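Please read them with the structure open.

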Amino acid sequence: MEADSTLKQAFVGFDRPREYASKKLAVFALAGLSVVFLISALYTPSTADNFTICGFRAFTGLPCPGCGLTHSFCALGKGNVVSAFSYNLIGPLLFLVLVLIWMRAAGVLAGRTAPVRVFDQFAERVKMVRLFATAFVVYGVARIAYILVFDPLPFQESALSRLVTGLFR
């Protein structure tokens, strides 16, 4: 018996209630997503194609599934839903889910367990994380296939294309 309590005390936070960890995570989610939404409303990204932080796009000339999310979020932050979909089809849906997660975090901190439980049950039932991961993969592959068929020039001028053609010459 004494060994059990000693082991529990040896691990930092082990004997704390589960709600404490949930509230701590809710504070981080609420603060982090508030910053994301504030930046989305205030920031206007450049529309020039001269710079990208996406390593996949820089190497292949093709957009990854996440390319356009910043533009999409910023368009949504300014109320321009049509533009948001044009930058990234998954962006507005992800933004909506992040708003729901923000609301869930606020509910946890306010002690509103019923809406939190409903959200958690819904997320578990639809396998939200798996659903978004699958949607990103399908969207990314479809977008790349479309670009390769209808506008292959960005890929043909990419570092990957030069590397491949250099290997087979």
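1. A residue is called buried when its relative accessible area is under 20%, exposed when it is over 50%, and partly exposed in between. The model is a predicted one. Isoleucine 90 has a relative accessibility of 9%, so this residue counts as buried.

2. Isoleucine 90 sits in the loop that joins α5 (81–87) to α6. Apart from neighbours within four places in sequence, isoleucine 90 is in contact with Phe132, Ala135, Phe136 and Tyr139. The C-alpha atoms of isoleucine 90 and serine 72 are 8.9 Å apart, with a sequence separation of 18 residues.

3. Helix α7 has 13 residues, and its first and last C-alpha atoms are 18 Å apart, close to the 18 Å expected at 1.5 Å a residue. Which residues of α7 are buried? They are Val116, Phe119 and Ala123. These residues lie on the same side of α7, because the arc they cover around the axis is only 65°. An α-helix has 3.6 residues a turn, so residues three or four places apart point the same way.

4. The buried residues of α7 pack against α6 and α8 (128–150). On the other side of α7, Val118, Glu124 and Arg125 are exposed. Just after α7, lysine 127 has a positive phi of about 55°.

5. How many salt bridges does a search of the whole structure find? The search finds 2. In one of them, the side chains of aspartate 120 and arginine 104 meet with an N to O distance of 2.6 Å. This pair links distant parts of the chain, 16 residues apart: aspartate 120 belongs to helix α7 (residues 113–125) and arginine 104 to helix α6 (residues 91–110). Aspartate 120 is partly exposed, at a relative accessible area of 33%, and arginine 104 is also partly exposed, at 24%.

6. A salt bridge also joins the side chains of lysine 127 and glutamate 124, at 3.0 Å from N to O. Lysine 127 is partly exposed, with a relative accessible area of 37%, while glutamate 124 is among the exposed residues of α7.

7. With ring centres within 6.5 Å as the criterion, the count is 3 aromatic pairs. Phenylalanine 37 and phenylalanine 95 form an edge-to-face pair, at 5.2 Å centre to centre and 65° between the planes. Their pairing links distant parts of the chain, 58 residues apart, with phenylalanine 37 in helix α2 (residues 18–42) and phenylalanine 95 in helix α6. Both count as buried: phenylalanine 37 has a relative accessibility of 17%, and phenylalanine 95 one of 14%.

8. The rings of tyrosine 146 and phenylalanine 150 have centres 4.8 Å apart and planes at 45°, so this pair is tilted. Tyrosine 146 and phenylalanine 150 are about one helical turn apart, because they are 4 residues apart in helix α8. Are these two residues buried or exposed? Tyrosine 146 counts as exposed at 53% relative accessibility, and phenylalanine 150 is exposed at a relative accessible area of 60%. Elsewhere, ring pairs join Phe37, Phe73 and Phe95 into a cluster.

9. Serine 161 is found in helix α10 (residues 159–167). Serine 161 counts as buried, at 12% relative accessibility. Not counting residues up to four places away in sequence, serine 161 touches Phe155 and Gln156.

Note on methods:
Residues are numbered from 1 along each chain as its sequence is written. This is a predicted model: local features need pLDDT of at least 70, side-chain atom pairs count only at pLDDT 80 or more; totals for chains, interfaces and linings use all residues. Side-chain values use heavy atoms; hydrogens and water are left out. A salt bridge is a side-chain nitrogen of Lys or Arg within 4 Å of a carboxyl oxygen of Asp or Glu. Helices (H or I, at least four residues) and strands (E, at least two) are DSSP runs, numbered from the N terminus. Buried means under 20% relative accessible area, exposed over 50%, partly exposed in between (1.4 Å probe, protein chains only). Contact means heavy atoms within 4.5 Å. The expected span of a helix is 1.5 Å times one less than its number of residues. The arc is that of the directions from the helix axis to the C-beta atoms. Rings of Phe, Tyr and Trp (its six-membered ring) pair if their centres lie within 6.5 Å; planes under 30 degrees apart count as stacked, over 60 as edge-to-face and the rest as tilted.
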